[in-house]
Amino acid sequence: MLLAALSGFGVQSARAQTVTAETTREARQVESFDLRADRTGLDYRVFVVRPAEPPPPGGYPVIYLLDGNATVPMMETVIGRNPPEPYGSVAVVGIGYPIDGPFDILRRYRDLTPQTPPELIPPSRDGTSVIETGGRDDFLAFLETQVIPAVEERLPIDRRHRTLFGHSLGGLFSLYVLYTRGELFQTYVAADPAIWWGGQAILREQAAFLERSKGEGVPAGTALLIETSGKLVERPLPPADAERLKRLRSGQTGREVAATLAAVPGLRIAFHNFVEESHGSMLPLAVADALRFAFGRNPD
């Protein structure tokens, strides 16, 4: 769940029109288009950044960013005006929503979570909005069967070099994809994943993943980066809601998950804790680490 601190570092959203990130050669072009999910009828906005340079022989490596309205501008800031190799060759895809702001909080609750009992759903930000859950399999199907093909119709993509990035509930979703459809991407980044969600229900998928991996390991080249924040920023809530949220958030964190997954044969795993950052303020830093990790470099 994104905390209120997220707005504190001035997240800017990607817009529907074409925007550019200047380079000394030519601009990286950002195309955006809306796409309706076949299974749900829900609309999404997809941002596709075309590198300025020609594709490598095998196609462009690609990074898929959840919360694309916010994270695509962050990634393009990291890549910069004159990116060193190999970062200039990476295509960036953001999966977001047809909104002007950076986040659609209620939509992401639905898209990134399993069906969750009401007693395990945290209080909404405004105290009145109804939080719907349970759409993660629909969203995964949308990603696999509609977004990825739409991107690969537009750009030559190296299917052996696909990265998925998610933060908070998005990090939880990234782990879910690794555990259940691990061959879909080669690199996964889970930034401050909400392991606590739904009574830590993700640990059931993790246990099944660990059992399968005992004999067969993971597909060659699979890598996972888990990052966590070191500072807790509390949302202003009535005392009863604050205490309930504290109980819901108890249990394992990304640190424990990373330690457990270190035993998976063939999995390249890295962990990093942003000691001085909050759940929200770490987001642009985690986006930067995702770029480097996608090319084999662990966080500093």
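View 1. D126 is partly exposed, with a relative accessible area of 48%, where buried means under 20%, exposed over 50% and partly exposed in between (1.4 Å probe, protein chains only). The residue D126 sits in the loop between α2 (105-112) and α3 (136-154), and although 111 residues separate D126 from L237 in sequence, their C-alpha atoms are 9.5 Å apart in space. This is a predicted model, in which local features need pLDDT of at least 70 and side-chain atom pairs count only at pLDDT 80 or more, while totals for chains, interfaces and linings use all residues. Residues are numbered from 1 along each chain as its sequence is written, and side-chain values use heavy atoms, with hydrogens and water left out.

**View 2. Packing of helix α1 on helix α9.** Helix α1 (residues 68-79) packs against helix α9 (residues 283-294) at an angle of about 60°, and their axes are 9 Å apart. In the contact (heavy atoms within 4.5 Å), T71, M74, M75, V78 and I79 of α1 meet L283, P284, V287, A288 and L291 of α9. Of the residues in this contact of α1 with α9, nine are nonpolar, one is polar and none is charged.

Definitions and conventions: Axes are lines fitted to C-alpha atoms, for helices over the stretch in contact, and angles run from 0 to 180 degrees between N-to-C directions. Helices (H or I, at least four residues) and strands (E, at least two) are DSSP runs, numbered from the N terminus. Ala, Val, Leu, Ile, Met, Phe, Trp, Tyr, Cys and Pro count as nonpolar, Asp, Glu, Lys and Arg as charged, and the others, Gly among them, as polar.
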